[in-house]
Amino acid sequence: MANSYKDLIAWKKGIQLVKSIYELTAAFPANEKYELTSQIRRAVVSVPSNVAEGQARFSNPDFRHFLRIARGSLAEVETQLVVAHELNYISQAQLDEHSARIDELGRIINGLINSIAAAKAAAH
């Protein structure tokens with residue numbers, strides 16, 4: 001296990017995704033400020049936050065639990081981006097770019113979950 005959540009690629013990529021989503025949603029219509037903009041920003045911030053919280057507990061079962069929550073938040077963000085695209089707030093290219101980032105981060109999180117499960121199996 002990493003010494004700090006800040007050492008985890010999942011956390012670093014999560015922070016990059018937060019920044020990108022904040023920049024993307026800055027162009028959403030003003031009337032969405034407290035609606036879709038707020039919802040998508042909360043969801044994306046929860047990804048690296050849950051990675052950090054899980055790792056900081058220094059318990060593999062807790063870490064795995066929080067990684068699963070982070071993975072769920074990624075699905076939420078991607079769904080909200082599809083909604084934004086359907087509402088013509090973002091282009092297909094923007095959706096594709098962010099979906100690719102989300103897929104990559106999802107694979108990294110899945111890898112962490114699998115490595116924790118493998119470590120548990122090896123310990124028995």
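This report covers the nonpolar core and the salt bridges of a predicted model.

Local features need pLDDT of at least 70 and side-chain atom pairs count only at pLDDT 80 or more, while totals for chains, interfaces and linings use all residues. Residues are numbered from 1 along each chain as its sequence is written, and side-chain values use heavy atoms, without hydrogens or water.

**Core.** A nonpolar core is a set of buried Ala, Val, Leu, Ile, Met, Phe, Trp, Tyr and Cys residues joined through side-chain atoms within 4.5 Å. Buried means under 20% relative accessible area, exposed over 50%, and partly exposed in between (1.4 Å probe, protein chains only). The largest core holds 30 residues; I21, L67, V77, L81 and I109 touch the most other members. At least two core residues come from each of α1 (9-25), α2 (36-56), α3 (60-86) and α4 (92-123). Helices are DSSP runs (H or I, at least four residues), numbered from the N terminus. Leaving out residues up to four places away in sequence, L67 contacts V51, I109, L112, I113 and I116 (heavy atoms within 4.5 Å).

**Salt bridges.** A salt bridge puts a side-chain nitrogen of Lys or Arg within 4 Å of a carboxyl oxygen of Asp or Glu. The count is three.

| Pair | N to O distance |
|---|---|
| E104 and K13 | 3.2 Å |
| R57 and E53 | 2.7 Å |
| R101 and E97 | 3.0 Å |

E104 in helix α4 and K13 in helix α1 are 91 residues apart, so this pair links distant parts of the chain. E104 is partly exposed at 30% relative accessibility, and K13 is partly exposed at 28%. R101 and E97 both lie in helix α4, four residues apart, about one turn of the helix. R57 is partly exposed at 42% relative accessible area, as is E53 at 34%.
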